[in-house]
Amino acid sequence: MDRENLYAPGWSHVLSTTNDLTELDAFRRRVGAPREALHLGNRRWPHLDLKLEPRERALADPGVRVFERTAEMLRFLGGSVRGSR
């Protein structure tokens, strides 16, 4: 999860390292985000867009890895994907 989307202040992205849609949807429900927060996009990078209280709950979750910048999160994810091939 990025702490804040540089281009959309007050919003954060949440990604699954395995692109697990079930995991993302379960997390969406756990933090109280609406269904519309889940973006399937191209199947390579499904994600959640969170704001307000769901975002705060996600940031406070000890099981969530938080990156200061989106670019750092994407670099980490790229390394995870390459390492799992």
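In what order do the elements of the chain run from the N terminus on? They go β-α-β-β-α-α, and the legends below walk through them. This is a predicted model, where local features need pLDDT of at least 70 and side-chain atom pairs count only at pLDDT 80 or more, while totals for chains, interfaces and linings use all residues. Residues are numbered from 1 along each chain as its sequence is written, and side-chain values use heavy atoms, with hydrogens and water left out.

**View 1. The whole chain, with three helices and three strands.** Helices (H or I, at least four residues) and strands (E, at least two) are DSSP runs, numbered from the N terminus. Of the 85 residues, 33% count as buried, meaning under 20% relative accessible area with a 1.4 Å probe, protein chains only. Take the contacts (heavy atoms within 4.5 Å) with a separation of 6 or more: 55% of them link residues 24 or more positions apart.

**View 2. The open sheet, strand order S1-S3-S2.** Pairing here is antiparallel, and two strands pair if DSSP finds at least two bridges between them. Strands S1 (11-15) and S2 (38-39) sit at the edges, each pairing on one side only. S1 and S3 (residues 47-51) share five bridges; among the partners, Ser-12 goes with Leu-50 and His-13 with Asp-49. S1 is mostly covered, with four of its five residues buried.

**View 3. Helices H1 and H2 against the sheet.** H1 (residues 21-31) lies across S1, S2 and S3, running at about 15 degrees to S3. H2 (residues 52-60) packs on the sheet too, touching S1 and S3, and its direction makes about 110 degrees with that of S3. For these angles, axes are lines fitted to C-alpha atoms, for helices over the stretch in contact, and values run from 0 to 180 degrees between N-to-C directions.

**View 4. The largest nonpolar core, twelve residues in all.** Such a core is a set of buried Ala, Val, Leu, Ile, Met, Phe, Trp, Tyr and Cys residues joined through side-chain atoms within 4.5 Å. Members include Met-1, Val-14, Phe-27, Leu-48, Leu-59 and Val-64. H1, S3 and H2 each supply at least two residues, and the largest share, three residues, comes from H1. Ala-37, also in this core, touches His-47, Leu-48, Asp-49 and Leu-50, not counting residues up to four places away in sequence.

Notes: Buried means under 20% relative accessible area, exposed over 50%, partly exposed in between (1.4 Å probe, protein chains only).
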